[in-house]
Amino acid sequence: RLGKFLYSSYSKEWQKVRLLLMTLGFFQSTIYLVPTVFIMKFVDGESYVGAVNAIGYLIAVVIVYVISSKSGVEHRTKVVSLGSWILTLGAVAFALLFNHNVVLGTYILILLMFLAEPILNFPIRTTVLEVIKTVKKQDCQKSYAYILDVEAFTAIGRIASLTVFYLLYLFLPVSFAIVIFILIMAATQYLCIPFSKRINGA
């Protein structure tokens, strides 16, 4: 039954993981939303954006492979920092190009978003899995309870992202709301850095 996997009491270590997951979820919602919405609004040619997405993922796969084969726990926060920096670069480029060449800005943003996503995902998911192995013995709870918790708090981050986007859309001019949302999305990912440091200790 579902009740067997719902617990109200978790260790302090897991509370840190929840914050990390909510922050990552905020970005994940954006990466699902932005390409579709921006393609329809700014770009005439979905095939080109699909190619940009594919290029971003291919580059990211190579980078993640190299990083994962040569890095340890002490490097995870640095990898998170790299992903946050790449995402910020895309957001700033989009904001600067919005009034001059929004199509180019959209291409750059989507490319760097898809590049940053696996780079952020890799160290965070690895951290989560390792913390589960440690804290489930302390909390005397089942692994499935933590997996359910992972999905729940990632979903909270996604809902928060959509809520922020909707509120900005309601109360600000559309163009300004889009730019502000993208910058907020990139800024929130820097919260992953101190959360990662608290969990990984480096």
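The following is a working conversation about a predicted model.

Reader: What should I know about the source before we start?
Author: This is a predicted model, in which local features need pLDDT of at least 70 and side-chain atom pairs count only at pLDDT 80 or more, while totals for chains, interfaces and linings use all residues. Residues are numbered from 1 along each chain as its sequence is written, and side-chain values use heavy atoms, with hydrogens and water left out.

Reader: How many helices and strands does the chain have?
Author: The chain has seven helices and zero strands. Both are DSSP runs numbered from the N terminus, helices being H or I of at least four residues and strands E of at least two.

Reader: And what percentage of the residues is buried?
Author: Buried residues account for 47% of the 202 residues. Buried means under 20% relative accessible area, exposed over 50%, and partly exposed in between, with a 1.4 Å probe and protein chains only.

Reader: Turning to Thr127, where is it, and is it buried or exposed?
Author: Thr127 sits in helix α4 (residues 102–139). Thr127 is buried, with a relative accessible area of 2%.

Reader: Which residues is Thr127 in contact with?
Author: Leaving aside neighbours within four places in sequence, Thr127 is in contact with Arg76, Ile199 and Asn200. Contact means heavy atoms within 4.5 Å.

Reader: Which residues of helix α7 are buried?
Author: In α7 (residues 192–200), the buried residues are Cys192, Ile193, Phe195, Ser196, Ile199 and Asn200. Down the axis of α7 they fall within an arc of 165 degrees, so they line one face of the helix. That arc is taken from the directions from the helix axis to the C-beta atoms.

Reader: What comes just after α7?
Author: Gly201 follows, with a positive phi of about 75 degrees.

Reader: A new topic: how many aromatic pairs are there?
Author: A search of the whole structure gives two aromatic pairs. In Phe94 and Phe98 the ring centres are 5.4 Å apart and the planes at 70 degrees, so this pair is edge-to-face. Rings of Phe, Tyr and Trp (its six-membered ring) pair if their centres lie within 6.5 Å; planes under 30 degrees apart count as stacked, over 60 as edge-to-face and the rest as tilted.

Reader: Is Phe94 buried or exposed?
Author: Phe94 is buried, at a relative accessible area of 0%. Phe98 also counts as buried, at 12% relative accessibility.

Reader: And what about Phe165 and Phe181?
Author: Their ring centres lie 5.0 Å apart with planes at 70 degrees, so Phe165 and Phe181 are edge-to-face. Phe165 is in helix α5 and Phe181 in helix α6 (residues 174–188), so the pair ties together parts 16 residues apart in sequence.
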